[in-house]
Amino acid sequence: METGFIDVDAVDKIIDRWKYDPSYLIEMLQDIQGHFRYIPKEVAQKLSDDLDVPLSHIFHIATFYKGFSLEPRGKHPIYVCTGTACHVKGGGRILENVMRELGVTKEGEATEDLFFSVESVRCLGCCGLAPVVEIDDEVYGHTSTVEVSKILSKMRKAEQPE
Amino acid sequence: MFKLRIEDLDRIAEENKKTMSLRHGAGRVKITVHMGTCGIAAGARNIMAEVMRCVGESGASDIIVTTSGCAGLCSREPMMTVEVTDQAPVKYIDLDKKKTKRIFDEHVMKGNIVEEYALAMGGERTL
Amino acid sequence: MSETPSKNEQKPPVGDVSSSSRMQLMLCGGTACVSSGSVKVKAALERELAKHDLTDEVDVVVTGCNGFCAKGPVMVVQPDGIFYQELKEKDIPHLVEEHMLKGRPVEKLMYSPPDKKTAVPTMSEIGFFKKQRLVALRNRGLLDPESIDEYIARDGYKALAKVLSEMTPEEVIDEMIASGLRGRGGGGFPTGIKWKTCRMAAGEPKYVVCNADEGDPGAYMDRSIVEADPHVVLEGMAIAAYAVGSSKGYVYIRHEYPLALKRLQKAMEDAREYGLLGKNIFGKGFDFDISIHFGAGAFVCGESTALMASMEGHVGEPRAKYIHTVDHGLWDRPTNLNNVETYANVPVIILRGTKWFTSIGTGDVSKSPWGGSKGTKVFSLVGKVNNTGLVEVPMGITLREIIFDIGGGIPNGKKFKAVQTGGPSGGVLPESLLDIPVDFDQLTKVGSMMGSGGMIVMDEDDCMVDIARYYIDFLAGESCGKCVPCREGLRQINKMLTDISNGEAEEGVLELLEETAHTVAETSLCALGGSAPNPVLSTLRYFRDEYEAHVREKRCPAGLCKNLVTYSIDPVNCNGCTLCAIKCPQHAITGERKKVHTIDTSLCIKCGICRDVCKQDAVIVK
């Protein structure tokens, strides 16, 4: 099993940014999640060594909060809002349809080619525009199953080699 | 070392009341594009770009363009408020580029409120 | 001066809210109005009122900026709500005599829209704005959130200046207690009492924390306040820090709120630049600065002890409630925690005083801040309602006014069914309760709560079992797992609700559900578990017949629970456009062009796409 190339410099920079202070462990993990799109095991180990914090503690945190994933997320993570306003306006059905369309069986999973990943989020704070989906920091409001499906195929096409 | 004295608050307020209240000819019109997360999600960035384009095109120098947070009525975003000196502000809703251009041409440049796109005029009841 | 009525006729009517005055003249003292002469107008008002011996009956209140600066000085006469504009000193004798003394408003001084040639209504003619009263959101839409100067021009940091130069910390605390301000984040605990306890707690240093980790799905007012008016949060925190004796503050904000974060950071930089954060603020020997901590997505972190554990870099597990965070909070030090909306109320209370603040809202807080709900509350009015958005209303307004007058009612001619308040810890209320006044105590009495202010409107198409299941599923996922009743109890409740929703539950399940819910409520460690059964218990209380239909008849009256409905096509409405057949992922729909289509129910997975694409409204779900 290949461990993969881990960008050690990037991790060092992140730890340095938070001044090796373990009380900012959550912030460091957020930066790591942002950089690698997940928490690689090797990075968790490095954090544990550098900060002198047990590895189990790091995994405890990484599994407790919804913002972290231990599996790589896709290049374009899709967040389907299932906050209450979105729920009553069909957010749940949008999630089901996106998962079925991408062939993803579990929330947080990525497609085989790691292009998309999909998961629900509890609330994006745009309840006035429900139902809402966020892809690549772009929030799509008043959306629908059909609408999202169109967005996804457009994104695929845009990045397909000619 | 402290930097600001209490008296300075009044001075800063005084200096800024021009943009805040528009009464002294610094600007004839103030356009506020409401850019909260919901506004941006509904397309406020495009509206802002269009406003800037219109301002540039018109060559006018007496128009103040500014952003502000959510105006509250998220279901009708994108929204913008046009305030002509000495008139009640008018809130426009459900905007797109075309509507923005028309509001700019009609209301901002000629002073005629575009009724079809307007939600209301006046201010909210604060405090 | 002619026919002055005898003084007896001018006595306040019996039962008037304020015992001392019958009328308040809200004169704008915003910068713009001051510069256009409101100080002179005020002096003239006071002189004329004294002349007619009205000083005890009519108050002159100088307000913050009214927002309609172009017509200043402006004045609103309460309770009549009459709006005067462009007042001049020479207008006042006539105005006082006519309106304040004889009760005849002076028309020529009132606001009239400039030659009403347009059909555009004024804001006050529009239901959505008319019943709102902006206190916490007072600057929304009016200032550039990235300009500290504009905030200052709207009386920003004046409250901080006032407390630092004129008030002792104890006086600030007394003022907050007298104002009756209660925590806007959910619990409704009196803010002043919290500050007092924190001030008196032993241990140094003390911390001030702002909870901006809006975890309640369906509420987003805190995000909006931080995005629209970040300085008000900083100012509120600084005042709290002065009152409790702290010099270090933290904002705990959701990682998912990038715009709010950016504006907050900009505000902090600007405030430091001006010396409004940092050492020796205003030269008054008070130091205060703020750092930001990120939330990583955990509803339980709304619980104060869990939030602080998370800030220390641990998992957000609450601890038993008998140790209070005001005594042993962040890093075991006394910590004052309020949420964004609470802090946003602080500066304006300091500037305008408790008399003004307590004139809004319900109850009587003169003896105890628990005696009522004062001020306003921001709600996120969302779901099946025409005008969705953030609304700020005085406490005591009815649910009906919020949903129908402000919200404009239910879209598509559907029927109102229920409204959910208080987020996952709140309850679902039926139509029969629409006329209760909205305040902390009333909502709790009927089995819901104020919470952070989510207000989700549901129509006849929403299934109450599904709603209860939705919340419990959410809460079961968010339970930190530390205590058994919450971890296991919610899992069992979730399973029962899923069975009911699937039509697989047996007789007796509702009784078991109720019993389990009560057990979880009574025995959980923290408020998450303690209030988690509310959605179940309130729906059972008000919509039991819907549960019974699922259990006994295996039927979902709202037509929502997937297992209990079938999809079919209405032969009358179908025009054979073939769209549904093309889009159906299961190829379950067949039919020729321009002929009525049919759904093969054995293939149908009830994904609902056909209904989404059908322009004829021909897909029936029953």
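Student: What is the strand order in the open sheet of chain C?
Tutor: This is a predicted model. The order is β7-β8-β6-β5-β9, 5 strands with mixed pairing.

Student: Which strands stand at the edges?
Tutor: β7 (278-281) and β9 (335-339) of chain C. Each has a single partner strand, so one side of each is left without a neighbour in the sheet. From one strand to the next, the twist averages 25°.

Student: And in what sense do β5 and β9 of chain C pair?
Tutor: In the parallel sense, over 5 bridges, with β5 of chain C covering residues 207-212. One residue pair to look for is C:Val209, whose bridge partner in β9(C) is C:Leu337.

Student: Switching to chain B. How many residues of β1 are buried?
Tutor: β1(B), residues 29-34, has 6 of its 6 residues buried.

Student: Which way do they point?
Tutor: B:Val29, B:Ile31 and B:Val33 go one way, while B:Lys30, B:Thr32 and B:His34 go the other. Both sets are buried.

Student: Which strands does β1(B) pair with?
Tutor: One is β2 (residues 63-68) of chain B, parallel over 6 bridges. Another is β3 (residues 80-84) of chain B, antiparallel, with 5 bridges.

Student: Where do I look for the residue pairs?
Tutor: On the β2(B) side, B:Val29 stands opposite B:Ile63. On the β3(B) side, B:Lys30 has B:Glu83 as its bridge partner.

Student: OK, chain A. What domains is it divided into?
Tutor: Domain 1 is 8-64 and domain 2 is 76-158. Taken over C-alpha atoms, their centres are 28 Å apart.

Student: What span should helix α2 of chain A have?
Tutor: α2(A) has 12 residues, 25-36, and at 1.5 Å a residue it should span 16 Å. Its end C-alpha atoms are 16 Å apart, which agrees.

Student: Is that helix enclosed or exposed?
Tutor: Largely enclosed by the rest of the structure, because 10 of the 12 residues of α2(A) are buried. Among the buried ones are A:Leu25, A:Met28, A:Asp31 and A:Phe36.

Student: What covers them?
Tutor: From chain A, the cover includes α1 (8-17), α3 (41-51) and α4 (55-64). From chain C, it includes β8 (286-295) and α12 (304-311).

Student: What comes just after α2(A)?
Tutor: A:Arg37, which takes a positive phi of about 70°.

Student: You mentioned chain C covering part of chain A. How many residues are in contact?
Tutor: 56 residues of chain C are in contact with 36 residues of chain A. About 3600 Å² is buried between the two chains, and carbon and sulfur atoms give 55% of that area.

Student: Which three residues of chain C supply more than any other three?
Tutor: C:Ala296, C:Val315 and C:Tyr470, with 16% of the area that chain C buries against chain A.

Student: Where is C:Tyr470?
Tutor: In helix α16 of chain C, as one of its buried residues. C:Met464, C:Phe474 and C:Glu478 are also among the buried residues there.

Student: How many of the residues of α16(C) are buried?
Tutor: 11 of its 15, so α16(C) counts as mostly covered. The helix runs over residues 464-478 and should span 21 Å at 1.5 Å a residue. Its end C-alpha atoms are 21 Å apart, in agreement with that.

Conventions:
Residues are numbered from 1 along each chain as its sequence is written. Chains are lettered from A and ligands numbered from 1 in the order in which they are written. This is a predicted model: local features need pLDDT of at least 70, side-chain atom pairs count only at pLDDT 80 or more; totals for chains, interfaces and linings use all residues. Side-chain values use heavy atoms; hydrogens and water are left out. Domain bounds come from an automatic or database domain assignment. Two strands pair if DSSP finds at least two bridges between them. Helices (H or I, at least four residues) and strands (E, at least two) are DSSP runs, numbered from the N terminus. Axes are lines fitted to C-alpha atoms, for helices over the stretch in contact, and angles run from 0 to 180 degrees between N-to-C directions. Buried means under 20% relative accessible area, exposed over 50%, partly exposed in between (1.4 Å probe, protein chains only). The expected span of a helix is 1.5 Å times one less than its number of residues. Contact means heavy atoms within 4.5 Å. Buried area is the accessible area (1.4 Å probe) that two parts lose on being put together, summed over both.
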